[in-house]
Amino acid sequence: MDRWQAMRIFVQVVESGGFAPAAKVLHMSPPSVTRAVAKLEDLIGTRLLVRTTRSLKLTAAGEGYVADCRRILGEIAEAEANAAGSFTAPAGLLTVTAPALFGRIHVLPVILDFLDHYPAMQVKTIFVDRVTNLVDEGLDVAIRIASLPASGLVARRIGSVRQVLCGSPDYFARFGDPGSRRSLPVIGSSGARASSATPNGSSDATTISAFRSALVSSATPMTRSLPRLWRAGDCPGFSPTRWHPM
């Protein structure tokens, strides 16, 4: 029997007031409990208990030893619980990046709900329309709307999104219904042409994945200006408004 188990039996004997009651709590036989305490005394080299037919008392050494045993056993239990995560609640700073418009519409509400559930957490969001490097930029989670290349990062599919062609009534009145992305005409006097490509040359249905490695947020000016352009009838645009979580 190891020292930790012997200490646990000794503490239970003291708390139960006898060998037989302790054996019942520990699901052991009374002789096994008696032998365990006797071996512990032999190992220490001193008497811990004074036994009589009617009572059980701690010696002076036993009083100090049982207090130390309780402390040691408590620290062991706490260390094991901490390692298993039973005492840990999410705390600290989490940095999340996502495409600008998608982040503001779909990711931000989820983050706010997360902060309500875990008040010890802080989340910093970086909503930008560029590919960020998780390691170099110190990011914990990245939301990607693309077909992901092979990497050493861990990815999990969390949903899918379908792009929707959007345009103002004035635009369609002037240029007609293009029918498809590939038939979009040159837009007005700006000379710009709407892009008919989806990210990484993928189809309309695009996989969204998440990388894992008080709220601070960022957004690009261009993303904020797009809805104004659509309302003004200057150009059509593709908006990831149909979001299908897993």
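The dialogue below goes from the whole chain to single residues.

Reader: What should I know before I start?

Author: This is a predicted model, in which local features need pLDDT of at least 70, side-chain atom pairs count only at pLDDT 80 or more, and totals for chains, interfaces and linings use all residues. Residues are numbered from 1 along each chain as its sequence is written, and side-chain values use heavy atoms, with hydrogens and water left out.

Reader: How many helices and strands does the protein chain have?

Author: Helices (H or I, at least four residues) and strands (E, at least two) are DSSP runs, numbered from the N terminus. The protein chain has seven helices and 11 strands.

Reader: What share of the residues is buried?

Author: Buried means under 20% relative accessible area, exposed over 50%, and partly exposed in between (1.4 Å probe, protein chains only). Of the 246 residues in the protein chain, 33% are buried.

Reader: How do I describe two packed helices?

Author: Two packed helices are described by the angle between their axes and the distance between the axes. Axes are lines fitted to C-alpha atoms, for helices over the stretch in contact, and angles run from 0 to 180 degrees between N-to-C directions. Here the axes of α2 (residues 19-26) and α3 (residues 30-44) come within 8 Å and cross at roughly 105 degrees. The two helices are therefore roughly perpendicular (under 35 degrees is roughly parallel, over 145 roughly antiparallel, 65 to 115 roughly perpendicular, the rest oblique).

Reader: Which residues make the contact?

Author: Contact means heavy atoms within 4.5 Å. On α2 the residues are F19, A20 and A23, and on α3 they are P30, V33, T34 and V37.

Reader: What is the backbone at H27 like?

Author: Most residues other than glycine have a negative phi. H27 is not a glycine, yet its phi is positive, about 60 degrees. H27 sits in the loop between α2 and α3 and is exposed, at 74% relative accessible area.

Reader: How many aromatic pairs are there?

Author: Rings of Phe, Tyr and Trp (its six-membered ring) pair if their centres lie within 6.5 Å; planes under 30 degrees apart count as stacked, over 60 as edge-to-face and the rest as tilted. The structure holds two such pairs. F10 and Y65 form a tilted pair, 5.7 Å centre to centre with 45 degrees between the planes. F10 lies in α1 (residues 3-16) and Y65 in α4 (residues 60-84), 55 residues apart.

Reader: Is F10 buried or exposed?

Author: F10 is buried, at 0% relative accessibility, and Y65 is buried at 17%.
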